[in-house]
Amino acid sequence: MLSKTFRAHLALAALNIMYGMNYLVAKGLMPNRIEPSALAILRIGGAAFFFSLITITTREKIAKKDWPRLILCGIFGLGINPLCSMNGLNLTSPVDASIIMTATPLLTLIFGAYILKEPITKQRMLGIFLGALGAILLTYLSAKDNNNRATALGNIIIGGSATSFALYLVLVKPLLQKYQVFTIISWVFLFGFLFALPIGTPQLIATDFGVFSAQNWMSLIYTIIFPTILANLLNVFALQYVRPATSGSYIYAQPVIAMILVAVMGYFVANSYQGEITTAKLACSILVFAGVYLISTKKKQQSISKTI
């Protein structure tokens, strides 16, 4: 029988495959069929409704002192994060977005040091430096890109998504040690939806669903079910058995998947994706991956600071 830790790792691998595929699926919908903030609230709202149905008769009581943390988890994890993710992806390329999001484990480590008092070793500090360097270089290269799809602004917004999600991973960890998974995830989605609703509603009202093709509907259903409902459920499950930094480190799979799909699209389906994968971007990816490897590899070293 598989151990709980091993099942947690399987869950993390599966959810990151879903996220990696979603970069192209969601990109195909925006902005011609639906605006990014409208897509974000459909994803959050669909998940909030689903998990509320599951927990409507078994709602666990939350201690008064935990409500502020739970609300913040909703705002950062399922409010700001998907809004930034969709709006950033609308402006940048799937490859650039997936690479920038790999900064999540680096940011998770930093937030973990401040909030959960997890130590930062010299090895992990080097990992933070390499990962940040790769992300900054990619943003700089995107600013010089002339294909009008990969922009510095889009990458900066994606960086906001990575930051908010990293903070969520750290904030939610103590709550998962006190309450049931479904209790946490249902409240987090609800608070995230309430935060995002006034932002995305104008775009949602302006969306013409009458022009959606069967492929568009399939793409929309995919973004709601797989990288939103199922992936977040798998992530919350995994966080019960692994550290936040370990969960974040699995994000390295996303750009690999995105690059493979973009390569297929570029050479067999859509010519507009040709040239997305460049030597410079691969070099940035290597820097980020190296940083992730260093922070996720356990090595007994003296902690240089718990407050950096």
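Author: Begin with the order of elements: along the sequence the protein runs α-α-α-α-α-β-α-α-α-α-α-α-α-β. That comes to twelve helices and two strands. Helices (H or I, at least four residues) and strands (E, at least two) are DSSP runs, numbered from the N terminus. This is a predicted model, in which local features need pLDDT of at least 70, side-chain atom pairs count only at pLDDT 80 or more, and totals for chains, interfaces and linings use all residues. Residues are numbered from 1 along each chain as its sequence is written, and side-chain values use heavy atoms, with hydrogens and water left out.

Reader: What percentage of the residues in the protein is buried?

Author: Of the 308 residues, 50% are buried; the term means under 20% relative accessible area (1.4 Å probe, protein chains only).

Reader: How is a pair of packed helices described?

Author: By the angle between the two axes and the distance between them. Axes are lines fitted to C-alpha atoms, for helices over the stretch in contact, and angles run from 0 to 180 degrees between N-to-C directions. Here the axes of helix H4 (residues 94–101) and helix H7 (residues 152–176) come within 9 Å and cross at roughly 40°.

Reader: Which residues of H4 and H7 meet?

Author: From H4 they are Asp 96, Ala 97, Ile 100 and Met 101, and from H7 Asn 155, Ile 158, Gly 159, Ser 161 and Ala 162. Contact means heavy atoms within 4.5 Å. Five of the residues in this contact are nonpolar, three polar and one charged. Ala, Val, Leu, Ile, Met, Phe, Trp, Tyr, Cys and Pro count as nonpolar, Asp, Glu, Lys and Arg as charged, and the others, Gly among them, as polar.

Reader: How many cavities of 30 Å³ or more are there in the whole structure?

Author: A search finds one. On a 1 Å grid over the protein atoms alone, a cavity is a set of points where a 1.4 Å probe fits but cannot get out, and lining residues have an atom within 4 Å of a point. The largest cavity holds about 370 Å³ of space, a volume being the space filled by probe spheres set on the grid points, which are joined across faces, edges and corners.

Reader: What lines the largest cavity?

Author: Its lining has 28 residues, and Tyr 19, Asn 81, Ser 85, Met 101 and Gln 254 lie nearest the centre. H3 gives the most to this lining, with seven residues. The lining divides into 14 nonpolar residues, 13 polar and one charged.

Conventions: 1 Å grid on protein atoms, 1.4 Å probe; cavity = no way out; pocket = protein on both sides within 12 Å on 5 of 7 lines; lining within 4 Å.
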